[in-house]
Amino acid sequence: MAKIDTVDARNKLKPRTEPYWVKLSSGCMLGFRKMTSSSTGNWIARYRCADTGKRDKRSLGEFEDKVPSQRYDEAKRTAEAWFSHLGKGGSSETMTVSGACKRYVKHVRANRGDTPADDLEMRFKRWVYEDPVLANMDLGKLSKTRVENWRNSMALTPVKVNRDNREEPVTRPRAASSVNRDIAALRAALNYAHDAGNVTSDMAWRVALRPAKNADRRRDVYIDIEQRRKLIEKAPDDLAIYLCGMSSLPLRPGALAALRVFHFEPRLSVLTIGKDKAGKDRKIKLPPATATMFAKQCESKPSDAPIFRREDGQAWNKDAWKKPIKAAVAAAELQSVTAYTLRHSVITDLVTGGLDLLTVAQLSGTSVAMIERHYGHLRADHAAAALAKLTI
């Protein structure tokens, strides 16, 4: 075996296609190859699994960013990190951050549907793919500092106050809750790659992508039944029907808009929520008045038609309902009301009406912990009344 650990020794090597190899440990070889006498030279790692005899080879690069005297040590360190990765059961496939994100989107699309996959793709396009350094980085070389720098840069990127006017200067800082949602997307992709064996340690992002605590502010915009009726009265006919649905069930706006005729079973008055943030189907037994409303919307419609439709027959979405709801809110002389306000108001009524939090969580498609965090304080009066019954 040739000597490749010093600059002098490497300069004396004759150019050839086959690398000059040195043994680092059993089954682990480090190679150096010079194709011409003037080339910098490329470093290669070769690994043989002791259990299976399988061989893997990986090009490590030229390490041109290092001075010649440091290149052997850097190549040795990089090779040993790869050997350790393989020895722990890691994949020999080279995976970049962008590759991990794209594979995770594909996985989510196949298992949870297009809506969550499209949301992930949008976040990755904005925050990962447009950062060439991060996007093209090998997962095995990802560091905590690099991930922290990405997070800080993303968190400090301001957002437009008026999203309808793209020419308006950005003035408002990003909310901590928005940052949490964006880092959750990358964290999920990297964890998926970690589970697949593309990287054997999550140290680079375990702490760096930890969500900020108390970022999700408690919902505090509530409109009562009369205000909801007034809002519906001021809305166009097609929107009014959609708002009736939002006012009748504790669903996310997107989940209600995604409902199709086949999701409603009129004979049993059962509604299947088949497309929601939680990604799992759930069934809700509707009370008579609500079931009648749903039956009317489904009447004489194809099974794949949206239950709540716009005037043109298309399903509602956030881009379609945003401006009409804003106009109806102004006409009803309300403030800070959005489609999500109706979900919050319905959940509030269920909680204050005495329904147990587990059932509220199941109906809403969220966790009991989330309901407790945002709505648990509303049970104070019920708790006081229960304690009052214990007075001797």
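This is a predicted model: local features need pLDDT of at least 70, side-chain atom pairs count only at pLDDT 80 or more; totals for chains, interfaces and linings use all residues.
Strand β8 spans residues 270–273. The two strands pair in the antiparallel sense, over two bridges. Strands of a sheet pair through backbone hydrogen bonds, either parallel or antiparallel.

These strands are part of an open sheet of three strands, with the order β7-β8-β9. Its pairing is antiparallel.

In total, the model holds eleven aromatic pairs.

A further pair joins Tyr-47 and Phe-83. Their ring centres are 6.0 Å apart. Their planes meet at 25 degrees, and planes under 30 degrees apart count as stacked, so this pair is stacked. Tyr-47 lies in strand β3, residues 42–48. Phe-83 lies in helix α2, residues 71–87. The pair therefore ties together parts that are 36 residues apart in sequence. Both partners are covered: Tyr-47 is buried, with a relative accessible area of 13%, and Phe-83 is buried at 6%.

Phe-83 has another ring partner, Trp-82. Here the centres lie 5.9 Å apart and the planes are at 45 degrees, so the pair is tilted. Trp-82 is buried, as is Phe-83.

Charged side chains also meet aromatic rings. The charged end of Arg-10 sits over the ring of Phe-32, 5.7 Å from its centre. Lys-102 lies over the face of Tyr-129. The distance to that ring centre is 5.4 Å.

Helix α14 covers residues 339–352. At 1.5 Å a residue, its 14 residues should span 20 Å. The buried set includes Ala-339, Thr-341 and Leu-342. Arg-343, His-344 and Ser-345 are buried too. Val-346, Ile-347, Thr-348 and Val-351 are likewise buried in α14. Gly-354 follows the helix. The phi of Gly-354 is positive, near 100 degrees.

Methods. Residues are numbered from 1 along each chain as its sequence is written. Side-chain values use heavy atoms; hydrogens and water are left out. Rings of Phe, Tyr and Trp (its six-membered ring) pair if their centres lie within 6.5 Å; planes under 30 degrees apart count as stacked, over 60 as edge-to-face and the rest as tilted. Helices (H or I, at least four residues) and strands (E, at least two) are DSSP runs, numbered from the N terminus. Buried means under 20% relative accessible area, exposed over 50%, partly exposed in between (1.4 Å probe, protein chains only). A charge sits over a ring if NZ of Lys or CZ of Arg is within 6 Å of the ring centre and within 35 degrees of the ring normal. The expected span of a helix is 1.5 Å times one less than its number of residues. Two strands pair if DSSP finds at least two bridges between them.
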